[in-house]
Number of protein chains: 2
Amino acid sequence: MNFIDEIKWTDDGLVPVITQDASSGRVLMFAWMNHEALRKTVKDNVAVYWSRSRKKLWQKGEHSGHFQTVRELRLDCDGDVILMRVESRSGIACHTGRESCFYRILEKEIWCEKEPVLKSPDEIYSGSADD
Amino acid sequence: MNFIDEIKWTDDGLVPVITQDASSGRVLMFAWMNHEALRKTVKDNVAVYWSRSRKKLWQKGEHSGHFQTVRELRLDCDGDVILMRVESRSGIACHTGRESCFYRILEKEIWCEKEPVLKSPDEIYSGSADD
């Protein structure tokens with residue numbers, strides 16, 4: 001059985017992917033892959049996701065330049081979630097211009113924004129789609 | 001708006017949760033919460049999930065003793081994924097007796113088991129449900 005078939009894909013043919021910075025251990029983002037996205041990711045060693053909203057393949061960084069080089073792919077015990085450890089040259093994973101998408105922390109039952117914006121989204125995308 | 005309503009829940013009323021060890025940064029597991037699981041988690045500071053297979057609340061550790069004390073809850077930019085940073089006294093998160101559920105690493109297109117079993121599942125559960 002090949003590594004694609006060992007994964008338990010959703011009925012929509014997707015698998016959730018947790019992306020973690022390989023150096024710092026920070027969890028950067030959460031996204032989805034289909035078969036083709038995973039194959040491309042493995043082949044080229046650069047993160048490619050499936051955009052559920054745009055319904056198309058999405059190479060992280062294709063608009064923003066915030067590419068993610070893949071250091072390691074892990075599969076969980078149930079075979080239905082991937083953990084991808086990456087190196088991000090830009091240090092920005094979030095479309096808001098922050099290092100991580102997980103920048104809101106719960107404090108006294110309020111989600112508080114705690115992380116600096118490293119680059120403004122206007123500057124990152126200048127009219128093109130977020131990625 | 002309260003912190004529960006700020007989350008974009010799935011049509012099934014769930015939110016995916018990435019659980020990370022607060023000290024080591026290791027990603028331990030991936031599971032789901034419903035409103036009640038999140039409320040209990042916040043109230044008691046101990047991880048409670050929703051089991052999609054058993055269709056019931058599931059306090060992590062209720063059978064295994066592998067409780068997770070919550071150190072921090074984070075929400076992503078889209079408001080539809082939670083990152084929970086925990087402390088695990090036992091050091092075991094996976095029902096296979098490993099530290100992390102993500103113990104298979106892709107090497108030359110083969111998922112290779114790379115992590116030691118710290119405690120045998122028979123010993124952990126002795127007939128009760130995995131958790």
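The legends below describe close-up views of a predicted two-chain model.

Residues are numbered from 1 along each chain as its sequence is written, and chains are lettered from A in the order in which they are written. Because the model is predicted, local features need pLDDT of at least 70 and side-chain atom pairs count only at pLDDT 80 or more, while totals for chains, interfaces and linings use all residues.

**View 1. Two copies related by a two-fold axis.**

**View 2. The side of chain A that touches chain B.**
Here 29 residues of chain A are in contact with 29 residues of chain B. Contact means that the C-beta atoms of two residues, placed from the backbone, lie within 7 Å. At least two residues each come from β1 (15–21), β2 (27–33), β5 (68–75), β7 (104–107) and β8 (110–113) of chain A. Strands (E, at least two residues) and helices (H or I, at least four) are DSSP runs, numbered from the N terminus. β5(A) gives the largest share, four residues. By class, this side of chain A has 18 nonpolar, five polar and six charged residues. Nonpolar covers Ala, Val, Leu, Ile, Met, Phe, Trp, Tyr, Cys and Pro; charged covers Asp, Glu, Lys and Arg; the others, Gly among them, are polar. Of the interface residues of chain A, 100% are also interface residues in chain B, so the copies meet through the same surface.

**View 3. An open sheet that starts with β8(A).**
Six strands follow the order β8(A)-β7(A)-β5(B)-β6(B)-β1(B)-β2(B), with mixed pairing. Two strands pair if DSSP finds at least two bridges between them. β8 of chain A and β2 (27–33) of chain B stand at the edges, each with a single partner strand, so one side of each has no neighbour in the sheet. The twist averages 35° from one strand to the next. Axes are lines fitted to C-alpha atoms, for helices over the stretch in contact, and angles run from 0 to 180 degrees between N-to-C directions.

**View 4. The strand pairs of β7(A).**
β7(A) and β5 (residues 68–75) of chain B run antiparallel and are joined by two bridges. A:Arg104 stands opposite B:Leu75 in β5(B). β7(A) also pairs with β8(A), in the antiparallel sense, over four bridges. There, A:Ile105 stands opposite A:Cys112.

**View 5. An open sheet that starts with β2(A).**
The order is β2(A)-β1(A)-β6(A)-β5(A)-β7(B)-β8(B), six strands with mixed pairing. β2 of chain A and β8 (110–113) of chain B are the edge strands, and each pairs on one side only. β7 (residues 104–107) of chain B and β8(B) pair in the antiparallel sense over four bridges. B:Leu106 has B:Trp111 in β8(B) as its bridge partner.

**View 6. Strand β6(A) and its partners.**
Six of the seven residues of β6 (residues 82–88) of chain A are buried, so this strand is largely enclosed by the rest of the structure. Buried means 20 or more other C-beta atoms within 10 Å of the residue's own, exposed means 12 or fewer, and partly exposed lies in between; C-beta atoms are placed from the backbone. β1(A) runs parallel to β6(A), with five bridges. A:Thr19 has A:Met84 as its bridge partner. β5(A) and β6(A) pair in the antiparallel sense over seven bridges, and A:Glu72 is the bridge partner of A:Arg85. Six residues lie between β5(A) and β6(A) in their hairpin, and A:Gly79 in the turn has a positive phi of about 70°.

**View 7. B:Met84 in its surroundings.**
B:Met84 lies in strand β6 (residues 82–88) of chain B. It counts as buried, with 24 C-beta neighbours inside 10 Å. Beyond its neighbours within four places in sequence, B:Met84 is in contact with B:Val17, B:Thr19, B:Ala47, B:Val70 and B:Leu73. B:Gln20 is 64 residues from B:Met84 in sequence, yet 6.1 Å away in space, C-alpha to C-alpha.

**View 8. Two sides of helix α1(A).**
In α1 (residues 35–44) of chain A, A:Ala37, A:Leu38 and A:Thr41 are buried. Seen down the helix axis, the buried residues fall within an arc of 95°, so they line one face of α1(A). The arc is that of the directions from the helix axis to the C-beta atoms. These buried residues pack against β2, β3 (48–51), β4 (56–59) and β5 of chain A. On the other side, A:Lys43 and A:Asp44 are exposed. Just after α1(A), A:Asn45 takes a positive phi of about 65°.
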